[in-house]
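Q: Hi! Could you walk me through this model?
A: Happy to, let's have a look.

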Amino acid sequence: MNPVLIDFGPITIHSYGFFIAAGFLLGLSVAMHQAKQKNLDHKLVPDLGFYIILSAIVGSRLLYILLEPAYFLEHPLQIFQFWKGGLVFLGGAILAALACLVILRRKNQPFWPWADAFAPGIAAGQAVGRLGCLMAGCCYGKACSLPWAITFTLPNSLAPINVPLHPTQVYHSLAGVITLIILLVVRNKLPRPGQLFALLLILYSMFRFVIEFFRGDFRGYLGFLSVTQWVAAALLLIGLTIFIKARSS
């Protein structure tokens, strides 16, 4: 695991930024394919993708900063260094969804069919993007003695070095793969608009809630749960509500 993927003279490519970008591109290509199958105007995908990427970066970085405000008050210039790690998926997902809602309404496009089209792409993007977390060492797990524990050794890693840790980044990536497979398997069995997106919210929030127990980085706590777990619980309720309402409509 190396935070720097390529360091050749003046050219430096950070692993985190590379895999995040790869995840976005994969997600958009999957969404493009899904939009064609749903007879949506797939030419809108690049435009939507631009706003999704922009709002997702802003939202995910903002939530990360809010979890550690004291640190960023002391190091304000690091607020903008998101390519080195430090994006919270939940914050990005929420702001990206709001941005899409506004844009689709302006273009007189139906929101839920588009949300369903993007659902598998979001899962695919998470699966790849989390590899950037693994390379950078962010989103690291608690110390453990399990046979699949990983140990970071490079001093520029964001994770504690020379300590066997839960590979929570891999857990997140596998959760994305499993979610993607489930969504692709059941997509034609959920005919109501919004159901596939609701299922994405349900699966993601359940996986995220559980994986949070194994995270070792600072999460910010409200009572006995982390802030992220409370957000995941809220997303689970939202997903269940959307799924039930779509089914009964």
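A: Helices (H or I, at least four residues) and strands (E, at least two) are DSSP runs, numbered from the N terminus. This is a predicted model, where local features need pLDDT of at least 70, side-chain atom pairs count only at pLDDT 80 or more, and totals for chains, interfaces and linings use all residues. Residues are numbered from 1 along each chain as its sequence is written, and side-chain values use heavy atoms, with hydrogens and water left out.

Q: Great, in what order do the elements of the chain run from the N terminus on?
A: They go β-β-α-α-α-α-α-β-β-α-α-β-β-α. That makes 8 helices and 6 strands.

Q: How do H1 and H5 pack?
A: H1 (residues 15-37) and H5 (residues 111-136) pack at an angle of about 165°, with their axes 7 Å apart. Axes are lines fitted to C-alpha atoms, for helices over the stretch in contact, and angles run from 0 to 180 degrees between N-to-C directions. H1 and H5 are therefore roughly antiparallel (an angle over 145 degrees).

Q: Switching topic, how many disulfides are there?
A: The count is 0 disulfides, a disulfide being a pair of cysteine sulfur atoms within 2.5 Å. Cys 144 is in none, as the nearest cysteine sulfur, that of Cys 139, is 16 Å away.

Q: And is Cys 144 buried or exposed?
A: Cys 144 is buried, with a relative accessible area of 14%. Buried means under 20% relative accessible area, exposed over 50%, partly exposed in between (1.4 Å probe, protein chains only). Cys 100 is buried too, at 11%.

Q: What share of the chain's residues count as buried?
A: Of its 249 residues, 44% do.

Note on methods
Parallel < 35°, antiparallel > 145°, perpendicular 65-115°, else oblique.
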